[in-house]
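Visitor: Could you take me through one part of this model, slowly and with the cut-offs spelled out? I would like to look closely at the charged pairs and then at the open space.

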Amino acid sequence: MDRRKWFDCPECHAEQESHPLLQRFEMIFACKKCKKCFRKDASEFEEADEYCPHCDNHFVLDAVTPKPAISVEGADVRVDSRMIKDERVKAKDGDKITIFDPDREADKLG
């Protein structure tokens, strides 16, 4: 059993390992900012213990479960605004195409 593996949470350990996680009150943390390791007693864990003792980095983050959503991903609109329709520009009569219209090239074969 290789003891040099680090996991961010118990769920990550369960996904990658076949053995159960050992239950201990002493936990070893590695600060992602200063890269130093330190031990904390989880049975006496207080709000002040959420900070790295070496660099005072707040290393305890609230767990967030991602929610499924459908969205349009694009660049920052302040940099590249091609995905935003400009309402000030009047469309020509033949230019009114929606996403529900068939593609003009779809009828061509070959």
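Visitor: Is D49 buried or exposed?

Guide: Happy to walk you through it. This is a predicted model, in which local features need pLDDT of at least 70 and side-chain atom pairs count only at pLDDT 80 or more, while totals for chains, interfaces and linings use all residues. Residues are numbered from 1 along each chain as its sequence is written, and side-chain values use heavy atoms, with hydrogens and water left out.

D49 is buried, with a relative accessible area of 19%; buried means under 20%, exposed over 50%, and partly exposed in between, with a 1.4 Å probe and protein chains only. Its salt-bridge partner is K40, and the closest N and O atoms of this pair are 3.5 Å apart. A salt bridge here is a side-chain nitrogen of Lys or Arg within 4 Å of a carboxyl oxygen of Asp or Glu. K40 counts as buried too, at 12% relative accessibility.

By this rule the count comes to 3 salt bridges. Another one joins E26 and R39, with 3.0 Å between the closest N and O atoms. This pair links distant parts of the chain, 13 residues apart: E26 sits in strand β1 and R39 in strand β2 (residues 37-41). Helices (H or I, at least four residues) and strands (E, at least two) are DSSP runs numbered from the N terminus. E26 is partly exposed at 42%, whereas R39 is exposed at 56%.

There is also a salt bridge between the side chains of E17 and K5, at 3.0 Å from N to O. Here E17 lies in the loop between α1 (10-16) and β1 (26-30), and K5 in the segment before α1, 12 residues away. K5 is partly exposed, with a relative accessible area of 46%.

Now for the open space. The largest pocket holds about 1400 Å³. On a 1 Å grid over the protein atoms alone, a pocket is an open set of points where a 1.4 Å probe fits, with protein on both sides within 12 Å along at least five of seven lines, and lining residues have an atom within 4 Å of a point. Its lining has 30 residues, with W6, F7, L21, M27 and I28 nearest the centre. Both α1 and β1 give two or more residues to this lining, and β1 supplies the largest share, 5 residues. By class, the lining has 16 nonpolar, 5 polar and 9 charged residues, where Asp, Glu, Lys and Arg count as charged, Ala, Val, Leu, Ile, Met, Phe, Trp, Tyr, Cys and Pro as nonpolar, and the others, Gly among them, as polar.

Notes: Points joined across faces, edges and corners; volume = space filled by probe spheres on them.
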